[in-house]
Amino acid sequence: MKKIAIIGGGIIGMTLANYLDTQQFEITLYDDGIGQATKASAGIISPWLSKRRNKKWYQLAKDGAAFFPKLVKDFELGTSVYNQTGTVIFRKDDELDALYDFAQQRLIDTPEMGSIERLSEEETTAALPLLKPRKALKISGGGKLDGLAYLEKLAQLAKGKGIRLINKKVELRQLDNKLVILDNGNSEIFDIVFVTAGPAIKNLLAPLGYNVDIRPQKGQLLEFETTHLESHDWPVVMLDGEADFIPFEQGKILIGATHENEGEWDLTPTQAAYDQLWSHAKEFLVEPYSFQKSPFNYRVGTRAYTSDFAPFFGEVEPKSNLLVASGLGSSGLTVGPLIGYLLAQKVNHGIWQTEHYQKPIESYIKKTRIVT
Ligand SMILES: Cc1cc2nc3c(=O)[nH]c(=O)nc-3n(C[C@H](O)[C@H](O)[C@H](O)COP(=O)(O)OP(=O)(O)OC[C@H]3O[C@@H](n4cnc5c(N)ncnc54)[C@H](O)[C@@H]3O)c2cc1C
C-alpha cells in the first residue's frame, strides 16, 4: 500500500484526508495547530456578490459554495457545523438597487444562490432582531460553516477510517526522489506528500529548493457568548464595511474580522482589534447592545495570501509526488473543501481538470536551486 503524508490539518488537509481512498493508501496527517486559519475563521459561505475581477477565482468560489450540499451529505454534517440560513447584505440605500441588479445577473447561472429578496426595514429587523431597521438584500443560499466544529467532525471520521492524526510540527526533505518527513529527530519516507500548511508552505518547501509566493496575514475576530439561544437560525449579516456579524449555535455570535498585513504571524489579541470591530458593528445594532457585556473571546489566525490574492493547488511540478495547496486568503472556508476533494480525485483516480480555476502553479512556486 502506498504511504501518503499530509502536512497541515486545516480545512484543505482534513477534507483531503477524508476523501482519499483508504483502500489504496495508508494516510498520516501532521498538524501543529498553531495559527490555524480554519479554527479562527468567521464562517461565511456567500461569495456571489464579490466584485473581484479574477474570473478563475470567481469560478472556484462559486463552485466551492455549490459543493456544500455534497460535503454535507458525504460527511453527514449537522446544522451545528454547516447551516444554510441565508445572508443579509447591507449597503447604502443608493447602492442597494445596483447590488440587487448585479445579484439577479449572477443568479442566472447560479441556482445555488436561491432567492434574492429586497428586505424592508421591518423585514430586516424581523430576520434578526438585534439589527437596526434598515433596508437590505437577502440571499437565501448563503450559509455559515463553523470551522472548528467541521475539523472536529472530520477528525473523528478520519480516526474511524484508520487515518493517523499526529499533533506535531514537522519538516520535509527530498532524498533521491524520496520524500522524507522529519519529526523531532525521527524520519519517515512517504510515496506522496501533500503540503496544505497555509502560509508555512514557504518554509516547508525552502529546503527542497522552491520559492513560494505567499505571505501571512493576521486576522482577529470577537466571539461573544450571549443569551440569544435563537441565534442558530439567524442569517449571516455582511455589514457595510470591514466587519461582519455571524450568529452560530447556543447564542454564540462572531463579529469579524480584521485584515492586518503588518501583523503577519503574530497571534496576540489586541484592544485595537476589539475597538475597530465593535465600533463598526454597533452602528448596525439596536441599543442597548444586549451582548456587549457578555463574556467574549478573541480568535486569532493567520491567513495565506499570494501576490494576486488567488489560491494555487496541485503537483508542485509535472508528475511530482509532492502536491500542495495554499493561498486561500479570506475565502478559504468557501473554496477549501472543493480543493481538498479535487486533490483527492487526482491521486485516487488520476482526474485533474483545474485550468478554469487557477493559473499554472509555476506562477506561484519556482525552483530556485537544485537540491542533491
Ligand atoms: C479571522 C479569520 C476569518 C475568516 N473568515 C472566513 C470566512 O468568513 N469565510 C471564508 O470562506 N474564509 C474565511 N477565512 C479564511 C479561511 O479560514 C482560510 O482561508 C482557510 O481556513 C485556510 O485553510 P488551510 O487549510 O489552507 O490552512 P489552515 O487552516 O491555516 O491550516 C494549516 C495548518 O497547517 C499547520 N502547519 C503549518 N506548518 C506545519 C508544520 N511544519 N507541521 C505541522 N503542521 C503545520 C498549521 O498549524 C495549521 O493548523 C478567515 C480567516 C481568518 C483568519
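In β21, which residue is the bridge partner of F312?

Modeller: S326 is the bridge partner of F312 in β21. A word on the basis: this is a predicted model, where local features need pLDDT of at least 70, side-chain atom pairs count only at pLDDT 80 or more, and totals for chains, interfaces and linings use all residues. Numbering starts from 1 along each chain as its sequence is written, and side-chain values use heavy atoms, without hydrogens and water.

Now the strand itself. F312 belongs to β20 (residues 312-315), which is joined to β21 by four bridges and runs antiparallel to β21. Strands are DSSP runs of E with at least two residues, helices are runs of H or I with at least four, and both are numbered from the N terminus. Two strands pair if DSSP finds at least two bridges between them. β20 and β21 make a hairpin, with six residues between the two strands. In that turn, K319 has a positive phi of about 65 degrees.

β21 has a parallel partner too. Three bridges link β21 to β13 (residues 192-195). Here F194 has L323 as its bridge partner in β21.

β21 covers residues 322-326, and five of its five residues are buried (under 20% relative accessible area with a 1.4 Å probe, protein chains only; over 50% is exposed, partly exposed in between). Both faces are covered. L322, V324 and S326 lie on one side, L323 and A325 on the other, and all are buried.

F194 leads on to the packing. The largest nonpolar core has 60 residues, and Y150 and F194 touch the most other members. Such a core is a set of buried Ala, Val, Leu, Ile, Met, Phe, Trp, Tyr and Cys residues joined through side-chain atoms within 4.5 Å. Helix α10 gives the most to this core, with nine residues. Domain 1 and domain 2 both contribute residues, so the core lies between them. Y150 is in contact with I11, T15, L71, F75, L77, V81, L145 and P337, leaving aside neighbours within four places in sequence (contact means heavy atoms within 4.5 Å). A second, separate core has 28 residues, including L172, V193, V195 and I365.

Next, α10. Burial is heavy here: 17 of the 18 residues in α10 are buried. Just after α10, G350 takes a positive phi of about 70 degrees.

Now the domains, whose bounds come from an automatic or database assignment. Domain 1 is 2-38 + 148-214 + 307-367, and domain 2 is 84-142 + 216-305. Their C-alpha centres lie 30 Å apart. Across the boundary, 16 residues of domain 1 are in contact with nine residues of domain 2.

Further out there is an open sheet of eight strands, in the order β6-β7-β5-β16-β17-β18-β15-β19, with mixed pairing. β6 (116-119) and β19 (296-305) are the edge strands, and each pairs on one side only. Neighbouring strands of this sheet are turned by 20 degrees against each other on average, direction ignored. Axes are lines fitted to C-alpha atoms, for helices over the stretch in contact, and angles run from 0 to 180 degrees between N-to-C directions. Helix α5 (residues 93-107) packs on the sheet, touching β5 (87-89), β6 and β7 (136-139). The direction of α5 makes about 165 degrees with that of β6. Helix α9 (residues 271-282) lies across β15, β18 and β19, at about 60 degrees to β15. β15 (residues 215-225) and β18 (residues 252-256) pair antiparallel over five bridges. In that pairing, L222 stands opposite I255 of β18.

I139 sits in β7 and is buried, with a relative accessible area of 0%. I139 is in contact with W48, L49, G86, T87, I89, M113 and S115, neighbours within four places in sequence left aside. I139 and V193 are 54 residues apart along the chain, and their C-alpha atoms are separated by 39 Å.
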